[in-house]
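Please open the model in your viewer and keep the selection panel at hand. The tour goes from one selection to the next and says what to look for at each stop.

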Amino acid sequence: MAIHSVFIINKAGGLIYNRDYSTNIAKLSSNEALILAGTFHGIHALASRISPVSRSEGGKDTGIQTIDTANFRIHCYQTATGIKFIAVTDPSYMQLSDVLARMYGLYSDYALKNPFHNLEMPVRSELFDTKLQQLIQSS
Amino acid sequence: MATAQRQSLLKLDNKATKRANMLLEQNVAKQRRDKVSLNAFALLFSEIIQYSQNRVLGIQDLESKLSEIGYRVGLRVFELAMWREKTVHRETRVLNTLVFINTVVWRTLFDKQADSLERSTESEDEYMITDNEPSILKFISVPKEMSSFSPGAFISGVVEAIVECCQCPARVTSHVVPADGMPLRTVILLKFDKEVMGREKQLEAGK
Amino acid sequence: MSPTFYFAIVGTNDSPLYEAEFGVRRDENKHLNQFIAHAALDLVDDAQFMSNSCYLKTVDRYNEWNVSAYVTPSNVRLMLLHENKAEDSIKGFFTDCHELYLKTLLNPFYEPNAPIQAQAFDTKVQALARKYLL
Amino acid sequence: MAKQYRSIGEEVWKNKVEKVNAELFIFTYGSLVVQLIKDYEDYHSVNKQLDKLGYNIGVRLIDDILSRTNLEKCKDMRETAEVISKIGFRMFLNIAPSVSAWSADSKEFSLILDDNPLNDFCELPPRAVQGGLWYSNVLCGVVRGALEMVGLLVKVEFVRDVVRGDEVSEIRVRLEKVLDEEVPVGDD
């Protein structure tokens, strides 16, 4: 499997979902995961702020879309409502925006339409877990 | 009463009559408006659950609230569904009523028949209607600490209203009984009142 | 002599939801009419388990009166006191009144078994009486 | 532009959303309103509560819209109004209210609901009309919640409704403030 893990970060930079899908990735402690989320959120905001064209055109830069290392690649998809869907994959994965967009669909179905989901809290839904796992496995 | 005030009340009255006439004249034999999105229903239903949850203390109370909301839906859906049948008729027998719910009502509300209708093996006054995947509950994930909660209580309210309309009152409850790949498989359990079962026996004997 | 009719819609708790008289009004009869219609409810209760049609035809007689009944699927009873016996037109009247009741029920604000007081409802029932009965 | 949104809305409605019987939805909404009236006994509080429930729906529903379309950020309120009508209302209720009565500063407009499903069987009792009930007030909350999530603070209210005896049903939307959507660095 080439998608190693998934993070979802809310508008305020809080980590609301975090799952590993392969054994072959360094395990982050929950504290490290929170720091990663907060840091990524900050750099992302900074990146869209320093983007040279965006301000002049009145539009907004998309911020960071990918980060590469020798061993893996981080993909990020930010929605217009400020939620970030992040996946860690093998470096060979060039394009992941389709999968991330489908994650967004699952989130809007199985997290947001679940009466027991609180917008400020982490996503706790077995259905969401299952559907997301199926999506990751089929990608 | 001042003339102006009387006139404004009269005006209100005329407007109300116009609206009432429009409603009494509209054609309900066919469904005028076919569908809305399931997402719209799911979001509304999610709010209904959250709203109710904030006003009750326990899971049982929450279920009765949902059932109460469903009850008012059932009253209307039933009389309307019957009106649209080829021959408008009444159901007063337990089994016929259950079959009507299982087929006509389910098809009307959920676009499919219920998955099964069974009599309990333990007591003859108990019946079960099962829906393996209730579409309107599709996005709901009940948290572990509330595992006895059944969001299908809304549906059991619909069913309770209908059996009452058919003069077969019963205690109707809803239970989540998950099966493989069907986490929200819902069983609607009906326990009919004693008088109903007594009348059934009499009618059976008198045949 | 022109015909007289007494019509009542009776709720599931036996309370009248709506009443009307058509034709020549004989005010002295009003309470008697109510009494006759009410007394016939027991007969409706017996008859309704014997068939599954809504229209139960004539269920009772009292002097020159016939009492016809129609039961909606949710057990709201429509009762008509009449002298003549034109079954087809009575059935037509009942069916159309049932439809008016149904549309009243569909309003989320209508509480089952509450009296139906809307002017519009009364006007429509009176029109149906002229169409089918008078 | 309106045409483009119309076809996006229709495409989503046709191919990308599951459907449910409209009457089930309508009766369920009616039952909820009746429940609120039982619980609050005061029509102004009911209006408020409906608006609040709608807001909670709106802040979630916006992601439903965005995850099913590839909408670009709207340039101005005129574009936003078109999206609300042709995509938002279409993909949930299968209606598209007309947009009209723009204010001179283009910050305020009306949505005219010719065919509001929530109203289908509804006749308000006189005391509810006098008490000031806006039967479909949930819709105002939905619009307000959805727009807030994309940085637009709006005031939304019913000004006319056919169930109150008015000629048409009209929702007035006014843009109050635009939020800068990027959270400042280091804010957490």
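This is a predicted model: local features need pLDDT of at least 70, side-chain atom pairs count only at pLDDT 80 or more; totals for chains, interfaces and linings use all residues.

Residues are numbered from 1 along each chain as its sequence is written, and chains are lettered from A and ligands numbered from 1 in the order in which they are written.

**Chain A: confidence**

The mean for chain A is 88, with 93% of its residues at 70 or more. Within chain A, confidence is lowest in helix H2 (residues 54-57), where the mean is 49, and highest in helix H3 (residues 97-111), where it is 96.

**Chain C: overall form**

Move to chain C, which has three helices and five strands; here helices (H or I, at least four residues) and strands (E, at least two) are DSSP runs, numbered from the N terminus. Read from the N terminus on, the order of elements in chain C is β-β-α-β-β-β-α-α. Along the principal axes, the C-alpha atoms of chain C fill a box of roughly 45 × 35 × 25 Å. The radius of gyration of chain C is 14 Å, which agrees with the value near 14 Å that a compact globule of 134 residues would have; this radius is taken over C-alpha atoms, and the globule rule is 2.2 Å times the number of residues to the power 0.38. Of the 134 residues in chain C, 43% are buried, a residue being buried if 20 or more other C-beta atoms, placed from the backbone, lie within 10 Å of its own.

**Chain B: the sheet**

Next, select the strands S2, S3, S5 and S4 of chain B, which form an open antiparallel sheet in that order; two strands pair if DSSP finds at least two bridges between them. Strand S2 (116-119) and strand S4 (170-176) of chain B are at the edges, each with a single partner strand, so one side of each has no neighbour in the sheet. On average, neighbouring strands of this sheet are turned by 20° against each other, direction ignored. Between S2(B) and strand S3 (residues 126-131) of chain B there are four bridges, and B:Glu118 has B:Met128 in S3(B) as its bridge partner.

**Chains B and D**

Now show chains B and D together: which pair among the five pairs of chains that touch has the most contacts? The pair is chains B and D, where two residues are in contact if their C-beta atoms, placed from the backbone, lie within 7 Å. Here 31 residues of chain B are in contact with 35 residues of chain D. Helix H2 (38-53) of chain B is one of the elements that supply at least two residues to this side of chain B, and H2(B) gives the most, with nine residues. Look also at S1(B), which three bridges join to strand S1 (residues 19-21) of chain D in an antiparallel arrangement; B:Lys35 has D:Asn21 as its bridge partner.

**Chains A and C**

Finally, select chains A and C, which no contact joins and whose closest C-alpha atoms lie 24 Å apart.

Technical notes
A residue is buried if 20 or more other C-beta atoms lie within 10 Å of its own, exposed if 12 or fewer, and partly exposed in between; C-beta atoms are placed from the backbone. Axes are lines fitted to C-alpha atoms, for helices over the stretch in contact, and angles run from 0 to 180 degrees between N-to-C directions. pLDDT is the predictor's confidence in each residue, from 0 to 100.
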